[in-house]
Amino acid sequence: MTAQDCLVALMLAVSASDETIRTTELLTIERIVNHLPAFTGYDQDRILRVSETVFDLFSEEDGLDALFGLVRQALPKRLFETSYALACDVAASDGKLGESELRLLEEMRYEFDLDRLAAAAIERAARARHLTV
C-alpha cells in the first residue's frame, strides 16, 4: 500500500465502522481525493482495491489491528495527523457520529499517539465544516 492508499483506507474504515457506508461519506472521500494536494497523481481506480482490502480485513477477527499495521508500515508519521483529520471529516460528513465511529477515531488517536489537544482541535474543525444551517 502507498501512503495515499493508507489515507483512503482509513477514510473507508471510519465510513464502514458502523456497518453502513453512507453516500455522503463516499462523496466526502471522493471530494478529498479529488482536491487535496496529498492525493496529487493518485489513481482513483485504486480506491476499489483499497476498499476491498479494508472490507477483507474487517471480516477478520483482528482486522483492525492488521489495518493499523499496514498503515504504520506505509504512512509516514508526519501524515498521522492528516489521516486523523481526513477520517474525522468522513465521520462528520453525514451529521451523525455513532459509537463505532467514535471508537475507531479513539483507536486512531491511540495507535498514532496523537496529542489530545491537537486531536480535539481536528475534531472541532471537522464538526464546524460539516454543520448544516
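Guide: Let us begin with one pair, bearing in mind that the model is predicted. Glu-123 and Arg-109 meet through their side chains in a salt bridge, with 3.0 Å from N to O. Glu-123 belongs to helix H7 (residues 116-129) and Arg-109 to helix H6, so this pair ties together parts that are 14 residues apart in sequence.

Arg-72 forms a salt bridge with Glu-111, and their closest N and O atoms are 2.4 Å apart. Here Arg-72 lies in helix H4 (residues 63-74) and Glu-111 in helix H6, so parts that are 39 residues apart in sequence are tied together. Arg-72 is partly exposed, with a relative accessible area of 40%, while Glu-111 is buried, with a relative accessible area of 18%.

In general, side chains of opposite charge can pair when their charged atoms come close. The side chain of Glu-101 does, however, reach the backbone nitrogen of Gly-98 at 2.9 Å.

Arg-22 forms a salt bridge with Asp-18, the closest N and O atoms being 2.8 Å apart, and a network of salt bridges links Asp-18, Arg-22 and Asp-94. Both Arg-22, with a relative accessible area of 26%, and Asp-18, at 22% relative accessibility, are partly exposed. Asp-18 also leads back to helix H6, where Ser-100 is found: a polar atom of the Ser-100 side chain lies 3.4 Å from the backbone nitrogen of Asp-18. Ser-100 counts as buried, at 18% relative accessibility.

The pairs described here are among the 7 salt bridges found in a search of the whole structure. Other acidic side chains form a negative surface patch, made by Glu-52, Asp-56, Glu-60, Glu-61, Asp-62 and Asp-65. One of these, Glu-52, lies in helix H3 (residues 46-58) and is partly exposed, with a relative accessible area of 41%.

Technical notes: Residues numbered from 1 in each chain as written. Predicted model: local features only at pLDDT ≥ 70, side-chain atom pairs only at ≥ 80, totals over all residues. Heavy atoms only, no water. Patch = residues over 30% accessible without salt bridge, like charges linked within 9 Å, V, L, I, M, F, W, Y side chains within 5 Å. Areas by Shrake-Rupley, 256 points an atom, 1.4 Å probe, with all protein chains shown as cover. Salt bridge = Lys/Arg side-chain N within 4 Å of Asp/Glu carboxyl O. Lys, Arg positive; Asp, Glu negative; His and termini not counted. Charge placed at Lys NZ, Arg CZ, Asp CG, Glu CD. Helix = DSSP H or I, 4+ residues; strand = E, 2+ residues; numbered from the N terminus. Buried < 20%, exposed > 50% of the residue type's maximum accessible area, 1.4 Å probe, protein only. Polar contact = N/O pair within 3.5 Å; in protein donor to acceptor, adjacent residues only side chain to side chain.
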